[in-house]
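Subject: Structure handover

Hello,

Here is the structure for you to look at. My notes on what was found follow below.

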Amino acid sequence: MSELQAVLFDMDGTLLDSERLWDIAVYELSESLGRELTPEVRESTLGNSMMGALEKVYVHVGREASPENLAESAAWLNGRVIELFAGGLPWRPGAEAALDLVQSAGLGCALVTNTERMLTEIALETLGRHRFGATVCGDEVTHAKPAPDPYRRGAALLGVDTASCVAVEDSPTGTESAVSAGCAVVVVPSEVQVPSGPGRTFRTTLEGLTLDDLRSARAGGH
């Protein structure tokens, strides 16, 4: 079993309580396209890439998901979320302390998110760029989460193998991505339940997280 060398953090819903801000924008977009969004459809988009989420919204509203339509909606959604992010981004409980724990232990640390670079840069003003040796965004990989590409890239940028990494996630999409990349995962569900499975250690919060907790997760604890 590889020794723990790095921790790879998801952003929305894991480090930042930003899914609620995305909720506002996605609900507004769906209504502008002609149909009110249901909680079930919104739940299905959590952790998705921008285009993956938009495609589900378009199916829901009965509109053609043409490249032009998706690009127009993506531009609107990005603009709206920028406005909402500017009002302040609250931390998830224990998240800032968890980042500081990883940094003080001398472990590698990466941010691995399906959010696009433009919005991630705004969020990094809250998170602190100095805390991350690498950042990977959804528009910088061939296939976003739930594919393994983002986590593989995050580990590669840190110069470590995914087998020596623990990912910290809140969604089924992100958890699937991390597991398929070869990471052990600490799962802290925020908006939606995550199925149990191999390589997944569940917590109700990041508050009180210790290095032993992270090492135990890497060793396959459940």
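Which residues does T115 touch, not counting residues up to four places away in sequence? They are M11, D12, W22, T120, C137 and G138. Touching, or contact, means heavy atoms within 4.5 Å.

Before the rest, two notes on the source. This is a predicted model: local features need pLDDT of at least 70, side-chain atom pairs count only at pLDDT 80 or more, and totals for chains, interfaces and linings use all residues. Residues are numbered from 1 along each chain as its sequence is written, and side-chain values use heavy atoms, with hydrogens and water left out.

T115 sits in the loop between β2 and α6. Helices (H or I, at least four residues) and strands (E, at least two) are DSSP runs, numbered from the N terminus. T115 counts as buried because its relative accessibility is 6%. Buried means under 20% relative accessible area, exposed over 50%, and partly exposed in between (1.4 Å probe, protein chains only). T115 and D10 are 105 residues apart in sequence, yet 9.7 Å apart in space, C-alpha to C-alpha.

T204 is in the loop between β6 (200-202) and α9 (211-218). T204 has a relative accessible area of 77%, so it is exposed. From T204 to A71 is 133 residues in sequence and 37 Å in space, C-alpha to C-alpha.

R35 lies in the loop between α1 and α2 (39-45). R35 has a relative accessible area of 43%, so it is partly exposed. Its contacts, leaving aside neighbours within four places in sequence, are S30, H60 and V61.

Helix α1 against helix α4

Helix α1 (residues 19-32) packs on helix α4 (residues 67-86) at an angle of about 140°, and their axes are 9 Å apart. Axes are lines fitted to C-alpha atoms, for helices over the stretch in contact, and angles run from 0 to 180 degrees between N-to-C directions. From α1, the contact uses L21, W22, I24, A25, V26, E28 and L29. From α4, it uses S73, W76, L77, R80, V81, L84 and F85. That makes 11 nonpolar residues, one polar and two charged.

Helix α6

Which residues of α6 (residues 117-127) are buried? L119, T120, A123, L124 and L127. Seen down the axis of α6, they fall within an arc of 150°, so they line one face of the helix. The arc is that of the directions from the helix axis to the C-beta atoms. Their cover includes α1, α4, α5 (95-104), β2 (108-112) and β3 (134-136). G128 follows α6, and its phi is positive, near 95°.

Cores

The largest nonpolar core has 48 residues. Such a core is a set of buried Ala, Val, Leu, Ile, Met, Phe, Trp, Tyr and Cys residues joined through side-chain atoms within 4.5 Å. F9, L15, L77, F85, L127, F132 and L214 have the most contacts inside it. Its largest share, six residues, comes from α4. A second, separate core of 16 residues includes L8, A110, A167 and V187.

K145 and P146 are joined by a cis peptide bond, with omega about 20°. P146 is in the loop between β3 and α7 (149-158).

Best wishes

Conventions:
Nonpolar A, V, L, I, M, F, W, Y, C, P; charged D, E, K, R; others polar.
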